[in-house]
Amino acid sequence: MGLSLEVAGITKSYNGQSVLRGCSWLFHPGRTYALEGPNGSGKSTFLRLAALLEPPDAGSVIYAENGVALPHDLHLRRRITLLLPKIGVFNTTVFNNVAYGLKIRGRRSQEIEARVQDVLATVGLDHKSRQNALDLSSGETKRLGLARALVIEPEVFWLDEPTANLDPQNTEIIEQIILKMKVGGKSTIIVVTHDPAQAQRLGDHLLVMENGQIVPR
Amino acid sequence: MPAACHSLHLMDSIIQGFLGAFRLIIALDPELRRIILLSLQVSGTALVVATCLGLPVGALLAQRRVPLRGPILSLLSTGMGLPPVVVGLFFYLLLSRSGPFGILELLYTPTAMIIVQTVLAFPIVASLSHAAIAKVDPVIRQAAFTLGATPLQEVLTVVREARYGIMAGVMAGLGRVMAEVGAILIVGGNIAGYTRVITTTIVLQTSMGEFELAIALGIVLLLIALGINLGLRFFQRAGGVRSGVILWD
């Protein structure tokens, strides 16, 4: 059935300044959402709260399966992931970066080898598998971040500005990977972008962040 | 004329000392070997203990909100420059027969030497580990979290990112204890075949005017120092560490 997510009336303020004002939405399993809005509208804050990176001041973030709300524990966290604008490259090879999520889950080395190679081929980095990840270009680094997330097969996948500051070629590559994920339909994908055209290209459901609240476009 | 004679005699002693020293090194003299091995054993053990204690302390201070964190860090920084003779004196008083730990009968044993060297290396390893771990970009920890790491795995990921800086700290600690003489002389007693190490032997032989063994050990110590510095430079370069560290006291 997959994970559904209900965000109910969440609020968040930083230094007394209200960023989210009673944000609510129901995200259904296996669907793709595009959340757009201008810079500073609170999109990234919403994503951090919804992806359990930090708690809201008020309101609730409820992940549920078959109608049953799940506790915010490690087990749930391992079913969701997010790709942030700055991915945080580990100072090791491209292969080890991608294998990280599987290694910390205690997967067997044969499985890790096979899955990492498969995902690296998907993002077009298989030829750089043994290279230090810090030496990658910005476009390749973004694809590395995508590969690190893809390899753990998240059921809910949040992407925050996945093509920010990228050239058109890398933007297209990344969009194609996201579109391929959509076809599989296994994951709920939520793409946060400030580009309305990109939201249109990627999302089945278009949402806008306005005055600290989510509204349909 | 007497001054000139004295100079010639000294030059002759130095030349003879160097020739004798090379003979000892080439022949792998048993006494030379024993002293070097004991030095490495004492300093190596002290370094392992200091690392096992210092690394978690450094990691904790860098990653958790610890009460009195500022004063603890100041204390560690001060500890990096601890005068070895003062540490030696303090532990002599603790371990001497009439001291609070006299019953353990550790004075004039390699264990006492390991304890004082651990105390000298610990602040260096803890302080430099803290600096290296604190420098790791917070997004690394965030990345580990988003990929499903447990809190312990997050900490280990950050520590692994700081590995070159940590190794530089460990090498600096090794440099400090290998070159140290005051503290181990006081608590070790420089007993031949038991607590006599490179630095204490150099002091003793020089005071007796017997330079062969002293020079041979001096050359070995310099080679060890060179090795430590090369290791330190490697780790500093590999980790992009630019700041200098105290290597020798």
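1. His75(A) belongs to helix H2 of chain A, which spans residues 74-77.

2. For the complex, the predictor reports a pTM of 0.84 and an ipTM of 0.92. In chain B the average pLDDT is 89, and 94% of the residues reach at least 70. Please treat residues 240-249 of chain B with care: their pLDDT is below 50, although in the model this stretch has 19 contacts beyond near neighbours in sequence. Where pLDDT is low, predicted coordinates should not be read in detail.

3. Now for a helix at the other end of the burial scale. Which residues of H3(A) are buried? They are Val94(A), Phe95(A), Asn97(A), Val98(A), Ala99(A), Tyr100(A), Gly101(A) and Leu102(A). That makes eight of the ten residues in this helix (residues 94-103), so H3 of chain A is largely enclosed by the rest of the structure.

4. In chain B, have a look at helices H6 (residues 138-146) and H7 (residues 151-161). Their axes are 9 Å apart and the packing angle is about 140°. Angles over 145 degrees would count as roughly antiparallel, so H6(B) and H7(B) are classed as oblique to each other. The crossing of H6(B) past H7(B) is right-handed.

5. What do the two helices bring to that packing? H6(B) contributes Ile140(B), Arg141(B), Ala144(B) and Phe145(B), which meet Gln153(B), Glu154(B), Thr157(B), Val158(B) and Glu161(B) of H7(B). By type, the residues of this contact are four nonpolar, three charged and two polar.

6. The contact involves 17 residues from chain A and twelve from chain B. On the chain B side, the elements giving two or more residues are H6 and H7. H6(B) supplies the largest share of that side, with five residues. Sorted by type, the chain B side has five polar, five nonpolar and two charged residues.

How values were computed
Residues are numbered from 1 along each chain as its sequence is written. Chains are lettered from A and ligands numbered from 1 in the order in which they are written. This is a predicted model: local features need pLDDT of at least 70, side-chain atom pairs count only at pLDDT 80 or more; totals for chains, interfaces and linings use all residues. pLDDT is the predictor's confidence in each residue, from 0 to 100. Two residues are in contact if their C-beta atoms, placed from the backbone, lie within 7 Å. Axes are lines fitted to C-alpha atoms, for helices over the stretch in contact, and angles run from 0 to 180 degrees between N-to-C directions. Helices (H or I, at least four residues) and strands (E, at least two) are DSSP runs, numbered from the N terminus. Angles under 35 degrees count as roughly parallel, over 145 as roughly antiparallel, 65 to 115 as roughly perpendicular and the rest as oblique. A crossing is left-handed if the near helix is turned anticlockwise from the far one by less than a right angle, and right-handed if clockwise. Ala, Val, Leu, Ile, Met, Phe, Trp, Tyr, Cys and Pro count as nonpolar, Asp, Glu, Lys and Arg as charged, and the others, Gly among them, as polar. A residue is buried if 20 or more other C-beta atoms lie within 10 Å of its own, exposed if 12 or fewer, and partly exposed in between; C-beta atoms are placed from the backbone.
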